[in-house]
Amino acid sequence: KGSSVTLKIYAQEKLLIEDTVHSAAPWGIELKGDVRQFTVRHNRFSDITRHAIGGNMHNATTHGEIIFNYAKPGVALELNQDGMAGRIHVSRNTFIGRVNIRNTDTSDGPFVLTQNIILSPDSGAKGSRVSFEGVTDPSRVHMSDNLVGSLNERVLDETGKLTAAYAKY
């Protein structure tokens, strides 16, 4: 077991993190401050004890997209830890674990979550399975077309593919 983060990023522009594997650590990808136009795409996370994708996300300049990732830790995604992130689009990911949006007010985001698979122990806002912590302006979080369920539901098979009951999605 590691005792640190697998990848920590500060002050980068047009950053692409793609096709990486993260495991056996407390944290996966940490997006810290002033990370402009980032893309976190097609990465795999397992055996991450804290969160797979997250970070302080300091500055309204921290914005980008999180797409096509597969995360199966305790917390799959944590956005806006310190309440200063800019626009972030989260699309077509498979998150098996908690998805948290934190400290969001009128100056943050917007955070757009669409076409994700979210299997979480939390019921979340309006059944979304997305948890809000310290969110004073929920209108800054937009969610649509996500397939959501509990960790106990057989939405995915052992290889991570949709089961026959959910194949139409």
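The following is a short exchange about how terms are applied to this predicted model.

Author: The model is predicted, so local features need pLDDT of at least 70 and side-chain atom pairs count only at pLDDT 80 or more, while totals for chains, interfaces and linings use all residues. Residues are numbered from 1 along each chain as its sequence is written, and side-chain values use heavy atoms, with hydrogens and water left out.

Reader: Why is lysine 126 called exposed?

Author: Exposed means over 50% relative accessible area, buried under 20%, and partly exposed in between (1.4 Å probe, protein chains only). Lysine 126 has 89% relative accessibility, so lysine 126 counts as exposed. Lysine 126 is in the loop between strand S15 (117-119) and strand S16 (130-133); strands are DSSP runs of E with at least two residues, numbered from the N terminus.

Reader: What makes arginine 92 partly exposed?

Author: The relative accessible area of arginine 92 is 46%, and therefore arginine 92 is partly exposed. Arginine 92 also has a positive phi of about 60 degrees although it is not a glycine.

Reader: Which class does lysine 14 fall into, buried or exposed?

Author: At a relative accessible area of 63%, lysine 14 is exposed. Phi of lysine 14 is positive too, near 55 degrees.

Reader: What makes a set of residues a nonpolar core?

Author: The set must consist of buried Ala, Val, Leu, Ile, Met, Phe, Trp, Tyr and Cys residues joined through side-chain atoms within 4.5 Å. The largest such core here has 31 residues, and Ile66, Leu79 and Ile88 have the most contacts inside it. Strand S7 (44-54) is among the elements that give two or more residues to this core, and S7 gives the most, with four residues. A second, separate core has eight residues, including Ile96 and Tyr166.

Reader: Why are S3 and S17 said to stand at the edges of the sheet?

Author: Two strands pair if DSSP finds at least two bridges between them. The open sheet has six strands in the order S3-S6-S8-S11-S14-S17, with parallel pairing. Strand S3 (16-18) and strand S17 (141-144) each have a single partner strand, so one side of each is left without a neighbour in the sheet. Three bridges join S3 to S6.

Reader: How do you know that the charged end of arginine 44 sits over the ring of tyrosine 70?

Author: The rule asks for NZ of Lys or CZ of Arg within 6 Å of the ring centre and within 35 degrees of the ring normal. The charged end of arginine 44 is 4.3 Å from the centre of the tyrosine 70 ring and sits over that ring.
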